[in-house]
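Hello,

Here is the structure I promised to pass on. Please take a look, then read my notes below.

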Amino acid sequence: MRTVPVLLLLLFMCCSCAVAEAPTENAEGTLTRSPDTRDLRPRAGIDAEQSESPPAWTFPLSEEIIMDEADYLVLANVDSKLASDYAPKDLINIKVRKSVSETMKMRKAASDALDMMFKDALDEDNVKLYAHSCYRSYDTQKIMYANRLARVGYDDKLVQQAGASDHQTGLGIDVIGASWLGKERLNDGIADTKEGKWVLEHCAEYGFIIRYPKDMEHITGIKYEPWHLRYVGVEAAAYITDNGLTLEEFSIIRENLLNGTYVENESETTVIQIDPSVVLDDDGFEDLG
Ligand SMILES: [Zn+2]
């Protein structure tokens with residue numbers, strides 16, 4: 001009968017040993033499965049989720065440009081009409097060469113950019129540009145639209161309704177070259193002239209975009225107008241041009257940024273938030289970004 005307690009004691013000791021050793025083995029087992037990798041990733045995720053500071057501004061254009069206090073990115077079209085009293089405060093008489101003898105006005109920043117562009121075109125490439133039409137007030141546009149309707153009998157979309165014209169922003173301008181002087185109508189043949197080609201290639205360097213680009217009528221509502229430039233500033237012009245956007249599309253991106261609903265593409269987000277070396281170390285984790 002004495003053997004039973006001894007056996008039980010031995011059994012208990014063995015079990016104790018087994019129980020005592022188990023965590024060590026488990027702990028060692030865990031260590032062999034790259035504990036650093038496993039620890040780092042969830043922590044990075046939790047930090048990102050729990051952080052109270054807003055996410056870093058990673059959009060290629062600065063927050064200041066997107067905020068646009070100077071209103072250089074204002075959109076005017078039939079769906080987003082300017083008020084009848086929308087008239088920029090900093091309109092000045094432009095100083096560049098003009099195709100007609102009337103006074104033309106633009107906002108100062110646009111006029112300054114125009115000065116540089118016309119000068120460089122002539123000095124560097126012997127391209128002679130002319131301002132053809134600049135700022136138009138709401139009332140002027142209203143008269144032009146009424147006249148067009150009376151003449152054609154229906155809205156042929158060649159003259160914008162009051163409030164919908166880019167010219168009311170004080171940032172839009174029609175530009176032609178010496179080879180187009182004296183021609184009555186503007187048409188997309190301007191894009192094939194020496195001056196038109198120069199403008200298409202260089203206008204973004206001075207902060208201008210082609211406001212109504214080729215094959216974008218379904219978005220802008222206006223057919224291709226290679227002569228109508230719109231000042232938006234050098235940075236925005238580069239972004240819009242490089243990405244082949246219309247001002248309408250850029251305005252949606254901007255609105256989303258301002259509302260905090262803009263979502264960057266996945267690869268950008270991955271690079272920003274997670275160390276790629278950590279992600280590559282563990283299977284199943286590559287979708288975190
Ligand atoms: Zn125009």
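In helix α4, the buried residues are A110, S111, A113, L114, M117, F118 and A121. Down the helix axis, these buried residues fall within an arc of 160°, so they line one face of α4. Keep in mind that this is a predicted model.

The spacing has a simple background. An α-helix has 3.6 residues a turn, so residues three or four places apart point the same way.

Now turn to the other side. The face of α4 away from the buried side carries exposed residues: K119, D123 and E124.

N126 follows α4. N126 sits in the loop between α4 and β3 (129-133). Its phi is positive, near 55°, and N126 is not a glycine. That deserves a mention because most residues other than glycine have a negative phi. Is N126 buried or exposed? N126 is exposed, because its C-beta has 10 others within 10 Å, and the cut-off for exposed is 12 or fewer.

D71 also has a positive phi, near 65°, and is a residue other than glycine. Where is D71? D71 lies in the loop between α3 (63-67) and β1 (91-93). D71 has 13 C-beta neighbours inside 10 Å, so D71 counts as partly exposed.

Best wishes

Conventions:
Residues are numbered from 1 along each chain as its sequence is written. This is a predicted model: local features need pLDDT of at least 70, side-chain atom pairs count only at pLDDT 80 or more; totals for chains, interfaces and linings use all residues. A residue is buried if 20 or more other C-beta atoms lie within 10 Å of its own, exposed if 12 or fewer, and partly exposed in between; C-beta atoms are placed from the backbone. Helices (H or I, at least four residues) and strands (E, at least two) are DSSP runs, numbered from the N terminus. The arc is that of the directions from the helix axis to the C-beta atoms.
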